[in-house]
Amino acid sequence: MNRSPRVLVSMSGGLDSTMAAAFLLKEGWDVIGAHMQLYDGDGVRPSGCCRPEDAADARNMARLLGIPFHIFDFRDAFAREVILPFVESYRLGRTPNPCVLCNDRIKFRLLRARGMDLGASYIATGHYARIQFRSDIDQHLLLKGVDTQKDQSYFLFTLSQEQAAFTLFPLGESTKVMVRAEARRMGLPVWSKHESQEICFVPDTDYRSFVDDMSGRCAGPGAIVDISGTVLGTHRGIFRYTVGQRRGLGIASREPYYVVRLEPEANRVVVGRQDDLSDNGLVASTVNWIAGKPPEGPEEITVKIRYKSSEIPAILESSSGGRARVRFLKSMGAVTPGQAAVFYRGEVVLGGGWIERAI
């Protein structure tokens, strides 16, 4: 008798990951649930999907679904691969996206390896995205989720072809409303659980205090200057500011100032008027192409420069050495070094990288 393929589902204790496991069970998969323990016990108290109470919820959901359940201790790896780069990025005047690092370095590497030890050929998560195999080009494509309001493909641009071949996103064809309704129909208590929208390991969503507490090397106060170099005020550490920020600058002016760029080497915050935020493109580094290679020649694409932003029509001008140069078809504001730039061709995610600088 042929056995159903085994899949390890990352279960945070919330609605989406629980229903990912439920959908796979309904399809006949041999499902194992797993929760990642990320709390390091040394002052980093997660405030989102990684709390001890969420582990208890995940265990309870696995029990209700009737599947085996494991808790994996990834505290050291999470601190090393996600928290420390997060703190360092802010120290260098960049605005990081730790969710991308967690997916890449923890879920799709460490968790998948643990799943393989348990005989699981696949790993699944509750992301709203899709993977489609195209036999005509012999490629696995990463597609947006059908729920345009919930699509999370932005966080998945680091996937390789090998990883995509063994990754499942069971919610990709569903909307959040459908998923919640099905959980309620099944009598699963997570149907009404509040969804965390914040960085999971930052207490009380106060990243500035978190970075200040975690790093003894953050630069102290320095000058706030306009784009001509005139000193307008004093900042309290560049990690407390981000490109595009308007509030909290402490500058008296009839017209508002905005943060235009951060200069960590000089420990300066440069501000300007709204027109000074206009950028014509960006350069991204550490670029990953899901197909394994970049598109040939200049190509019209769309790019997202932060998760909640709209896609920007652009031209991918060049890509080599792990870098990509992108020119916007209309000027945009607040290109933020350290954030992810993700490239799309319609509903297909071509890849992405980390914004190095604006053009």
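Modeller: Let's start at threonine 286, which counts as exposed because its relative accessibility is 58% (exposed means over 50% relative accessible area, buried under 20% and partly exposed in between, using a 1.4 Å probe and protein chains only). Please keep in mind that this is a predicted model, where local features need pLDDT of at least 70 and side-chain atom pairs count only at pLDDT 80 or more, while totals for chains, interfaces and linings use all residues. Residues are numbered from 1 along each chain as its sequence is written, and side-chain values use heavy atoms, with hydrogens and water left out.

Threonine 286 sits in strand E12 (strands, E, are DSSP runs of at least two residues and helices, H or I, of at least four, numbered from the N terminus). Its backbone has a positive phi, near 50°, in a residue other than glycine.

Threonine 286 also brings us to the second largest pocket, as Leu101, Arg105, Ser285, Thr286 and Trp354 lie nearest the centre of that pocket. A pocket here is an open set of points on a 1 Å grid over the protein atoms alone where a 1.4 Å probe fits, with protein on both sides within 12 Å along at least five of seven lines; lining residues have an atom within 4 Å of a point. The second largest pocket holds about 480 Å³ of space, the volume being what is filled by probe spheres set on the points, which are joined across faces, edges and corners.

What makes up the lining of this pocket? It has 21 residues, and helix H3 (75-91), helix H4 (98-117), strand E12 (278-289) and strand E17 (348-358) each supply at least two of the lining residues. H4 gives the largest share, with four residues. Sorted by class, the lining has seven nonpolar, eight polar and six charged residues; Asp, Glu, Lys and Arg count as charged, Ala, Val, Leu, Ile, Met, Phe, Trp, Tyr, Cys and Pro as nonpolar, and the others, Gly among them, as polar.

Asparagine 267 has a value of about 55° although it is not a glycine. This asparagine lies in the loop between E10 and strand E11 (268-272), and asparagine 267 counts as buried because its relative accessible area is 15%.

The side chain of arginine 240 reaches the backbone oxygen of arginine 236 at 3.1 Å. Beyond its neighbours within four places in sequence, arginine 240 is in contact (heavy atoms within 4.5 Å) with Tyr207, Arg208, Asp212 and Gln245.

Now step into strand E9 itself, where glycine 233 lies. Leaving out residues up to four places away in sequence, glycine 233 touches Gly222, Ala223 and Ile224. E9 pairs in the antiparallel sense with strand E8 (residues 222-226) over four bridges (strands pair if DSSP finds at least two bridges between them). Glycine 222 stands opposite histidine 235 in this pairing. Four residues lie between the two strands of the hairpin, in which glycine 229 takes a positive phi near 100°.

A second hairpin joins E14 and E15, with two residues between the strands, and there glycine 321 takes a positive phi near 60°. E14 and strand E15 (residues 323-333) are antiparallel and share six bridges, with alanine 324 as the bridge partner of serine 319. Strand E14 (residues 312-320) is also joined to strand E13 (residues 299-304), again antiparallel, by five bridges; here threonine 302 has proline 313 as its partner.

For a contrast, look at the open sheet of five strands, ordered E3-E2-E1-E4-E7 with parallel pairing. Its edge strands are strand E3 (69-73) and strand E7 (167-168), each of which pairs on one side only. Within the sheet, strand E1 (residues 6-10) and strand E2 (residues 30-37) pair over five bridges, and leucine 8 stands opposite isoleucine 32.

Conventions: A polar contact is a pair of N or O atoms within 3.5 Å; within protein, one must be able to donate a hydrogen and the other to accept it, and residues adjacent in sequence count only if both atoms are side-chain atoms.
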